[in-house]
Structures are given as C-alpha cells and as structure tokens.
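Visitor: I am new to reading structures. Could you take me through this one by question and answer?

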Amino acid sequence: MPGKLKVKICAGRHLPVMDRASDLTDAFVEVKFSNTTFKTEVYPKSLNPQWNSEWFKFEVDDEDLQDEPLQITVLDHDTYSANDAIGKVYIDIDPLLCSEAATVICGWFPIYDTIHGIRGEINVSVKVDLFNDLNRFRQSSCGVKFFCSTSIPKCYKAVVVHGFVEELVVNEDPEYQWIDRIRTPRASNEARQRLISLMSGELQRKIGLKVLEMGGNAVVGYLQCFDLEGESGLVVRAIGTACTLDKISNTSAAQLPACNSPSKEIKESPPVHPTSHGCRSTHNSPIHTASGSRLTQSFSVSVPTLIYTGMGSGGSAGKDGGHLKTLLRQQTQSALEQREFPFFTLTSFPLGFLIHAGGVVSARSVKLLDRIHNPDEPETRDAWWEEIRQEIKSHAKALGCHAVVGYSESTSICEEVCILSASGTAAVLNPKFLQDGCLDCYSENRLSRQPTFFSTGSEKGEFDFFLQSKDSSSMLGLEDTSPPSCGFCHIPYDELNMPFPAHLTYCCNCRRQKVPDVLFTTIDLPIEAAVTGKGCLIQARLCRLKKKAQGEANATAISNLLPFMEYELHTQLMNKLKLRGMNALFGLRIQISVGENMLVGLASATGVYLTALPAPGGIQIAGKTPSDIAYEQHISNIQKKINDTISRNKELYEIHPLEISEEVIGSPIPEPRQRSRLLRSHSESSDEVSELDLSHGKKDAFVLEIDDADAVEDILSLLTDAPLPTGFYSCNTENMPGIHNWTSSIQMFTTVRVFRLNNVNVTNQGLNKCFNDLCENLLKSLYFKLRSMIPCCICHLNFTVAVPEDELIQVAATAVAMTFDKDQSQEILKSNTAPMKAISENEEQLQFPMELSSDSPSVQTFPPSKGTGLLENASPQTIQGTSRATSVDYSSFADRCNSWIELIKLKAQTIRRGSIKTTPSLDKASPLAEGHLRLRSTPSCTDSTVTVVKMTPLSFIPGAKIIKYLGIINMFFIRETTSLREEGGVSGFLHTFIAEVFAMVRAHVAALGGNAVISYIMKECVFMENSNKNQAQCLINVSGDAVILIRESEQEGVPIQTHGSTNQTPQSGGAPVS
Amino acid sequence: MSVELDVFVGNTTIMDEEVYQLWLDGYTVNDAVSIRMKSGILEQFGTTEDVLESDTMDHYRTFQMTERLLHHPSKLVNQVLFQIPPHRQAMLIERYYAFDEAFVREVLGKKLSKGTKKDLDDVSAKTGITLKSCRRQFDNFKRVFKVVEEMKGPLVENVQCNFLLSDKLARDYAAIVFFANSRFETGKKKLQYLTFEDFAFCACQLIQNWTVGAVDNMVEDMDVDLDKEFLQDLKDLKILITDKDMLDQHKSLVCTGLRGKIQVFNEMEGNFKNLSRGLINIAAKLTNTKDVRDFFIDLVEKVIEPCKADRWLISDVRAFLTQYTNSARALDGFKHQAVWERYMCVIKSCILKMYHD
C-alpha cells in the first residue's frame, strides 16, 4: 500500500447546455482510479458549476499509480433517464511519482469527448503521498525520470550513460473486439483511449524497472510508439537510453540557500556552470589542454583499468592512428560487450562522448501479422525486433564500430503486412561515460575536479564533469588523434578493409586521420563540429507501384522492392547533397510506408559542409550516344544548369571553404610551408572563390550517366527543387548549422495534407512527380505562412508519410520556425569561422544580441502572457523606475504592456544607459516556487486565466533557460464524427482536432506548473474518413517534456529580454509566435 | 492529383489581418484569393495560387472556429482552444465589431428584429456590402443590444465591459443601442445627408443630458430611456410661444443681443417666431413616442432647413442659439430655467452638429 492519491474537484466552466428546456446543465463528476470511483454532488442548473469537493482519497499500489490514469468524467444528471456524459479528462499522474518533477497537478483541464471534442473545462487538483517501499522485488519503478528529448536534459549532467532499454506490450484492440459491434462509437473510442493510456503506463513502469536494474535513474530519448495492427492487436513499444543523471545546481540555484527539490535528492553536486551550452562555448580555449596536462597524473591513478594507461601511451605515439584505433576499439568493446545492444537513442552528446561516426546503419524487415494469442508473452514481436537489432549491430561492426547512436525504430502497417525498420549511426564512443557503477563515477568526478581547485590563476572552477573528462582524455591521447572539431568524422573502420567503396582523404582539419568524402548520420550535428556556411534541409522522395496481393506473395513483393527504394533514395540524397555543394548529412531519417498498391519512401536530412571533409566534386553528366550533336547540346545544357545551381547554392548557404591545394590533401602531415599557405589563403579568400567554382567540374566529379529518358527525367527533377525563398532556411535537426543568434520568437506548428492520386498517374514516373510536387507544395505553403517571421529557420522539419488508403498519400509535419538576427549572424560567421559554438549562451555576448533586438522594431517576439494592455497609459517615468526593480516585478509589469514599440525603445535606452546588473534579491524563492509564482500571479493582473505555453519539437527554446523538468507528456486522443460536412469537411474536422490536442497538451503542462513543452512530437496521426457516410475518425498521439522556463535575462537579474519579447509589432499578415 | 485535406495549425494561432478583413467583408474563399492575388502578393513572395488558396482556406477555417467565441468576447479571453496573444485578441474583437458607415445608416433607429433582418438583402443590394457582412453587423448590433438593454449603469461602460471594445467603438455601440431602443427615424430622405457620426454625437448628447441616468445613475435602463419626468416638464416651455408678451420680449432680447453680430440679422428677425415655435413645439411633443422618433426630422424641418434657406452660416446659427437660450433667462415670469437649459444645451449641440451640407 505505498501510495495515497488525492483528488479534489473544484469547479467547471463553459460547460455545454445539456438541458434544452432550461438552457442549463445539472453537472456532477465521477472520479475513477483503478477500480474505485467517487462522485461529487450534482450542481444544479449552471454552466459554471462550483463543486468544491472534499479530497477524494485513493489508497493504491505504486504499480497501479504508474500504470493507471486518473479518469475524471463529467456528467449531466437526469432524473428520469440515464445520465448523459459530457466528457472526460485523463490525467497521467506519473509526474507526481518522481520527487524531482511536479509536486501537484492543479489547473483547468479541457473536458474532452471523442465525438464532440472539447466541451468546457474542469478545475482539478491532484496530489500523491508516496511511502517508501524498499521491497527489492517490487514491480514498480517510481522515481525513474523519463525524457523525450534526445540529448541530456539541460539541467542535468550524465554521470553514466548505461545504454539501450526497450520493452513492448501487446493487447487486443478494443475496436476489433466482438463487443464493438454492439457498443457506441463513443464507448469504443473511450475503451481504446483508456487501454492505450494503461498500456503506456505499464510500458513506462517496465522500462523503469530495467533502468533500475542497470543502476540508472532516468531514461533519455524515450520514444514510445503504437502499432495498430488491426485484427491482430495493438502493440505499444518503447525504446530509450538509460542514464544516471545528476542534477546540476546552476548558478542561480547556487545563490538560493534552500534547494528547490525535496529531500529525496541524493546529493547536490558542487556548483558548476550551467551545462546548457555554456561550458561548450568556452571550450576551444587552449587553457584547457594546459590544465589538462596537469591533470594527467592524478587522473590516470583514479581509473583502475588498463585502458587508460594504454591510452596514455597511445597519446605519446601521437599520429600513430591505427594503433590507437585498435586500442580504442578494445576498450570500447569491453565497455559495451556486456550489453546486448549497444544502442543509444540520443542524437546529441556530451562533449567527448562520440569519438567517431562511421555512417548510417539501417535494417528493414517485412512481416506478416498474425493474431497475438497470448498478450502476456508477446514473443513474436520481441523476436522480430531482436532480429532487426542484431542486424543493426552487425552492420555497425562491419563499419568498425561497437555502438549505434541516434537509434530509432519504426513500423509501417498495411492490412496484414508490416515493415519494421530500424536505423542509427554506427559510432565509436568514449568508454568513460559508459562505465557502470555510480560510486566510481563519483570518485572520478571528484578527482577530476580536484586539480582545478589547485590550478591557481585559472577561473576554471566552474567546469562541469564532461569538460574535465574531455580534458583528461585529451592529454591521455584521444585529443591528439581526434581534435574536437573533426574527430568524429575520422573513419573508425580499417582503411584496407573498407566495408563499402569510399574515397578516403586526409582530414582537412587535422591532416592526420582519414576521412570519407561524404558522411551520412542520423544524429544531430555535434556542437563542436567545424562547419563551413549554413546547413539546409534535403529530402529524397520516391514512390513505387506495387501489385495488389495477399499474404506471403505481398510480403515477398514488398521485400523485393525495398532494396531498390533504399538505393534510389540514397542516390537522390547524394545528388541533392552534391548539388548544394555540401558533403555531410545529419539527422537522416528514411521512412518507407506501405500501401495497398504502392510504397512511398521519404528521406529527410540536414546537409552541411563539414570543414574536415574534402570539398565535394560536382556532378558530371555523361551521355551514352555522343555522336548526335543535338543530344550533346542537350547534355551540355543540363550540365550548365547543374553547374549554375551548384554555384548558386554555394552562395546561398555561404559555403566558401578555404581552398586546399592538391598536395596538401596528398600528404599525411602538412609541412610548415603549406600551413603558412593555408593561413594566407584565408586572406585571399575572395580570389579563391572563382577557383572553387571551376573545381567541381574537374575534381573527382560525380558522374551521372544518361542512358535513357528516365535518367533525363531524374536529373531534371533534381533541379526542380524550388529554391528557398530569401530569408528562409530549413533543417530537420535540433541545431541549424551556421545559425546561432536566435531571437526568442518561435512558432511551432503541425501541418497535415492528404492527396488523392487520380487514376491517371499509373506509372512510377508520374507517381514520383506527384509525390515530389506534394512535398514541394507543402514546403512552399510553409514558407508563405511563416513569411512574417523572416529571417527565420524552420527547424526539426520532419515529414511523416503514410498511405492510409488506395490512392491516398498523407504527409504530416510538426516543426518550429525560429527567427534569428541576420546581421549578427554574419558577424559571428566572420569572427568565428573556426569551430562554431553556441555563442548565444555565453554570458557576455548574451547582452549584445538582446540590445540589438530591442533596438530594431522589426524583431517580432511574443508577449509572455495574456495581459490586455492595462497599463497603456503608464508614463515613461514609471517605466524607468520599474526597469530597475527586481526581475519578477518587472516581468509582471512587462507582461501587461505589450505592442508598444515606443515604450520598448524607451526601455531599451534606459537599460543601455545603466543599471544593467540588478542582482536578484537573495530571499527569492526556489526556482520552482518562482515559476509557480509567476504562473499563478499572472492571471491576477490580467483578465485571462489561461497560461501561455510555448511548444517546440526542439530540446531548447531560444532566449530561455529550462529550470525544471516536470515530467513526460504522452497523450493519446481519438476523435470521431458522424457529421463531417457540418464540421467543415475533413479539413475542418482535423483542424479542430489538432487545435484541441494542442489545447489539451497546454492545459496539462500548465496544470503541472509548467510554461513550455519541449521535444514535442506528433508520433501518430491516423486519419480515416468515409465521406459518403459523413463520417471520419482520427487518432493522434503526441509526446514531449513539460518544463518550467525562465528567460535567460531574468535569471541573470537583468530583464533585458522581457521588453524585447513584450514587443510585438502588429504587421499585416503578422504571424505571432509562441 | 487533388488535395483531399490540408490543414496548418500553429501553437500560436496565425492570423493574417488582411484575410481577416476579407472574411469579415463576407467574401468567399475564391473571391478572397483573387483579391489577394491582385495585391501582387504572389510576385512579392514568389509563390503560387495553390499556396494562396490553401492559406486562405486555413484562415477562413480558423476564423469560423473563432466566430463562436467572438460572440462573447470575454470567452475569447478565457478560451483554451486557440493561443492568441492579447493584442491580437483585441484586434480580432475590434474588427469583428467594426461596422460599415453605409450599413449602419440603413439600420440605425430600426427595430433590431427578425423582420429587419429579412430585409438585409435589400440593404446589401443598396450598399454593395455583402449579405454575409450585413448579417454579421446586424447580429452584432442585436447581440450588444440584448446584453446591455436591461443593464444597470452607464451604457458605454456596459458595452465596453461586456464586449471588450475600444472607447470609440463602445460609444458608437451605445449610440446604436440608444437609437434602436427609441427607434429614432434616421432614414428619411431629408436626413440622408447626415452621417452616422452626426447621429452618434447627438445620441451621446441625449444620453448624457436627457436620460434617467443623467440625474440618477443607479437605475435600470438609465442610459437607454429618456427621462419621462423631464419630457413631461418640457410641456411647460410652451409658455414661451403661447404667451404673446413673452414671445415678443424674447424676440426683442435676442434681436438686441445679435444686432450687428450676424450676417443674416434681418432674416432672423423676420423668422424668429417661426423658429421659436418650431423649437418649443418639438420640446412640447416629446412625450409622444411617435414624436420622439421624429425628433431629428423635426429639427431638420423646423430649424435647419429654414436657416439653410436663408443662407445662415454655422456661426450665425451658433450665435442665434446661444442668444436665444440665454435671453430666456431674462424673461419675466419664465420659471423653468433648469428644464430650459437641459433642453437647449442638447438642442444647440445637435443642431450645430447637424448643420452642414
């Protein structure tokens, strides 16, 4: 009996009219958890009932607490007939089970009905009293933290990264049970929602148990998916990376005497610099290596393995890469071998974690679904995934890697055929982070920190663990072989025994190690990577017709098509990459969806020019029949177009790499003479450009042979990718290579399109063109919609394709548009062409962009709250006074006056004139309380009671700092209608539903005390319609991390940012942002 | 290939003000697309008609979903479905409740009933405003009317609190409600030259001076209905024209005061009795609801037209009315000073406002 759940129903509002006669409602509420139900009194004749119930108490196992959702049903009391349900609220209480997350859930939740949508709101408070259970055989895993984000959460540091955790649970799908024939659609939908909620809870608990077994305390990169297998059942599966995370008490927390989290925190680590990127941005200074060398002795002693001493000697060997590589492999092997699958769902890593990235590994398998006979032992599904993972593992081995990072799994189901896919990036990792045993790490941590306190004169006291270990590894030899900005590009595999044909050259950065000519990965661009120019979104699109078939024959047909699709997608990607003058892909996702009569493939990635990799050759067209003059003319025309496109793209993405002479590439170690030449070339860069443009014609160009009409088409289609409109960039990764100076204005959106392919286009070619147009049009639409945010970048733009029916293709995307400061980006580029850093995080520089942004009225930002401009007549004097007040006051003031450029300018001036550093008052509450305070206090000064919640698919929000993770949001909704036309047709129906999903996510986050959702994704959007019957149904599954954000400026006690963001220039066609 | 479904939903609802205006103006999606195309937006952003159409559709859907909330602006502020920054909410409300001059002139003073609504297609044909837009504007008038009609407290404030409108718009609505309640005639041909602004100004004067609220500000309907007692008292003013001596005395006082000060002195002198009779008769008849309705027409016929016929300048009118009002004070045996002042200050400002071409 280790838990007591307490629920209080306070009030309702905006309820629908349930009694036509009186135009009112007699509402009451049922609160159900597990098998216990409580009811409130009936509040008669009101659309805004005040129940003010007692605290309903449920005494439950913590196992149930994890699995079961709290179910709240609002009903209309009817004396004579059955009570009518108004709607329901499901509350996942998991965030309350972890001491570091939320402590209370309290707020207005939309009352949701699967037929009518949102029908008013209900105010609920939920608390949990947990009793400690030390039972070793317990089935629960309360306290394990879950994070959707695929990088180490910002206010934590990873002490150990344990590795892959996976689990799946199966059940019968209620929609396909016999009872579904006699029950209402509502009952069936609710049964499904409840079941999936239950299964997610169970899954999370089981994964938590595995994490505890591994000695971890958190799951990062948690990805949970549903497979709606129809007749054969419902599979909920999840993968993630188990970690041991340690909370970082950040600078502001260090100033606060009382620590925010309640007792359970194991131990507070000594004050360190906020991880976010702060430590990274300071990294490139040479002082590190210096202090690192002083560390050598103490560190090698502290590590009780041979490996490190081995590494040390390797370091002295210097350039002897081969030897070192073997050693590295051995040690990594030992660290990873205990693991069945050395996979990591993370896509960005602590500095020094990733040593080499080998390339993308992927595996697909086509399966025929059969009914799951025993839900308790889902062996077949497990076996399927096991098989795929083994394959991935062996692929990685072939690349000389022992780990796979950026790992993900997906399925595509059509009738009884299912394609299982897995992909990741083969990698060699630094074994230090993979070490088991917390104690070791703690001692290691302490030891590594010690010397820094001795090092006099250096202000490195605030470095975090990773930096330290990075330093230590650097002097241990790793650093010598793999400089941070290029190390990960170096090939991990044996040069003489390459797994695939690749053109190797010496690294353009360090000139010691070999690098491939192109690099494809599924991870984000490492923060330390040196990049030339900006990145861009690259998509490869492909459709393949397939004969309709059944069972085995169908599966065989699909399996036969798959390799060809993979090959073609790969070729397209390669061509498009070259066309943009780039040499590496990050965040590669290849999705192949199966339909009745076709397969659709979509590959998205972010292309960049890695400075370490050689410049890409151009694309050369070669004809097969050179005799014909007209034909040759045609070919040379195409060639010219291609060359033009390449040079235009180079301009667009600012790719102007330093020209490197042939000899340099040829020689393993650059001679001093060449080095000086290199330096010189920097100043002569303007001359180099023209040379460059010529180069892609001759230097190992990529030859495309035109042998038939198809090839011509293909090549032409290459050129049809519409150029980006000026001011826009896009990428599908977390970070946009080459852009750092984000303003705080963001706009997250979800877009869905369904296309019907009319029977005309029955050829592969026609189909391809259709699909290509579809994607291009969707992109064009996005650019048009978001035009008011220019200059901006659409980040995390990942398309999800599905083939819901014959002839239908559905494309969905959830992404975020973020504006940036253009002028400054160029400045930064100039001053910092070397390793790009997330400079905006640097304290000193932070103030500079903000001043700039407050200066220019064109900067569009979002007012932080819903004030209705009550203070509009405030005099300048007031403002000057207020701006010097504490940050909390200021923000609440700033919240209230918005859209006032004059005021803002004035304030900006005030701040520039002086009093920039206002120290936050020492008696300020803990960050949590502060967050709550802010949220709770806002309504009092304005009319609205709705908290503004920002959402983003990224793991950060520019200009803001995450001070607390409140838990995972994982919600599943079904919406159905039998009056499709009346609801505005399919588009109207889905538009409303998506808006409702956003609203419910925001409400849940606000109730947890948060003000933002990060790493938000829409994992599933299954849409079915039957226009003839006027019906439609849609299932949506979303997830993300609820967090409390504060503006970075506030945290420093300088409310500079606040006025920038209260400024919203009303422009025509303005797209306000959140 | 055809698009079956196409939606774009932002966490912060994206709303284009231009498209909003087109929607408010009652254009169909297709019309709106062609209007937008004419603005050169395609060339400006290098995009295509499909894109524009898809964008317009998205906006129209959003607006249709918001419309329900706009009917009760306080709901818009507390709703959860759309995340809209406050200043945008204000813009949405303000524009939704804005109305066309041409339309309001057609409907002003009419009963806001189903019958009037049925005639909106005529209004639409006459004004060139789409029927859809006419309906929205009419429904807005009616909705505001229903809500504030029975409310205590000042009319403008009530409108503002319940509909979160700007000062200016709230005052306009107060005028509309006031006119609809008393059903002032504004549509006659003779009144066509008057703008809504003229009427709104007059309404404001009437509300401030002649309603119950002008004397007691805590009664129901205080700003909507005219003060019955006051109207009754107005009958007493008749003495100014019925009593021959008093009329003559009044005339001589006015003439003395104005001699040499106005250009149309002779015309004034000749017409004084007619003008005075006109003004006093209007006052005396205001107890009849029917005559209240004709208030403006009477002002035009009895005062404004005769003066215009004699080419009075507005300064002449002002001087005359000032003198006319003040002279009554000096009349022996005239004991209704308070009523007189209350009546004349409104009449004077209304006439001056209405005295133009």
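Visitor: Which residues in H10(B) meet H11(B)?
Guide: This is a predicted model. On the H11(B) side, the contact involves Leu155(B), Asn158(B), Val159(B), Asn162(B) and Phe163(B). On the H10(B) side, the residues are Arg143(B), Val144(B), Val147(B) and Val148(B).

Visitor: At what angle do helix H10 and helix H11 of chain B pack?
Guide: H10 spans residues 131–149 of chain B, and H11 spans residues 155–163. Their axes are 10 Å apart. The crossing of H10(B) past H11(B) is right-handed. The packing angle is about 115 degrees.

Visitor: How much area do chain A and chain B bury between them?
Guide: Start with the contacts: 70 residues of chain A touch 45 residues of chain B. Of the buried area, 62% is on carbon and sulfur atoms. The total is about 4,800 Å².

Visitor: Which residues in chain A lose the most area to chain B?
Guide: Three residues stand out here. Together they make up 17% of what the chain A side buries. They are Phe784(A), Lys785(A) and His991(A).

Visitor: Which side chain meets Lys785(A) in a salt bridge?
Guide: The interface of chain A and chain B holds five salt bridges. In the one with Lys785(A), the N to O distance is 3.2 Å. A salt bridge needs that distance to be within 4 Å, so this pair qualifies. The partner is Asp58(B).

Visitor: Which element gives the largest share of the side of chain A that touches chain B?
Guide: Between the chains, 22 residue pairs are in polar contact. Several elements of chain A supply at least two residues each to that side, among them strand S8 (117–130), helix H19 (764–785) and helix H26 (985–1007). The largest share is twelve residues, and it comes from H26(A).

Visitor: How many residues on the side of chain A that touches chain B are nonpolar, polar and charged?
Guide: Sort that side by class. The charged residues number 14 and the polar ones 26. The nonpolar residues number 30.

Visitor: Which residues does a cis peptide bond join?
Guide: Most peptide bonds are trans. Here, one bond has an omega of about 0 degrees. Its proline sits in the loop between H19 and strand S26 (792–802) of chain A. The pair is Ile790(A) and Pro791(A).

Visitor: What phi does Asn52(A) have?
Guide: Most residues other than glycine have a negative phi. Asn52(A) is in the loop between strand S3 (36–39) and strand S4 (56–60) of chain A. Its phi is positive, although it is not a glycine. The value is about 45 degrees.

Visitor: How many residues apart in sequence are the parts tied together by Glu68(A) and Arg194(A)?
Guide: Their side chains meet in a salt bridge at 3.5 Å, N to O. Glu68(A) lies in the loop between helix H1 and strand S5, and Arg194(A) in helix H3, so the pair ties together parts separated by 126 residues.

Methods: Residues are numbered from 1 along each chain as its sequence is written. Chains are lettered from A and ligands numbered from 1 in the order in which they are written. This is a predicted model: local features need pLDDT of at least 70, side-chain atom pairs count only at pLDDT 80 or more; totals for chains, interfaces and linings use all residues. Side-chain values use heavy atoms; hydrogens and water are left out. Axes are lines fitted to C-alpha atoms, for helices over the stretch in contact, and angles run from 0 to 180 degrees between N-to-C directions. Helices (H or I, at least four residues) and strands (E, at least two) are DSSP runs, numbered from the N terminus. A crossing is left-handed if the near helix is turned anticlockwise from the far one by less than a right angle, and right-handed if clockwise. Contact means heavy atoms within 4.5 Å. Buried area is the accessible area (1.4 Å probe) that two parts lose on being put together, summed over both. A polar contact is a pair of N or O atoms within 3.5 Å; within protein, one must be able to donate a hydrogen and the other to accept it, and residues adjacent in sequence count only if both atoms are side-chain atoms. Ala, Val, Leu, Ile, Met, Phe, Trp, Tyr, Cys and Pro count as nonpolar, Asp, Glu, Lys and Arg as charged, and the others, Gly among them, as polar.
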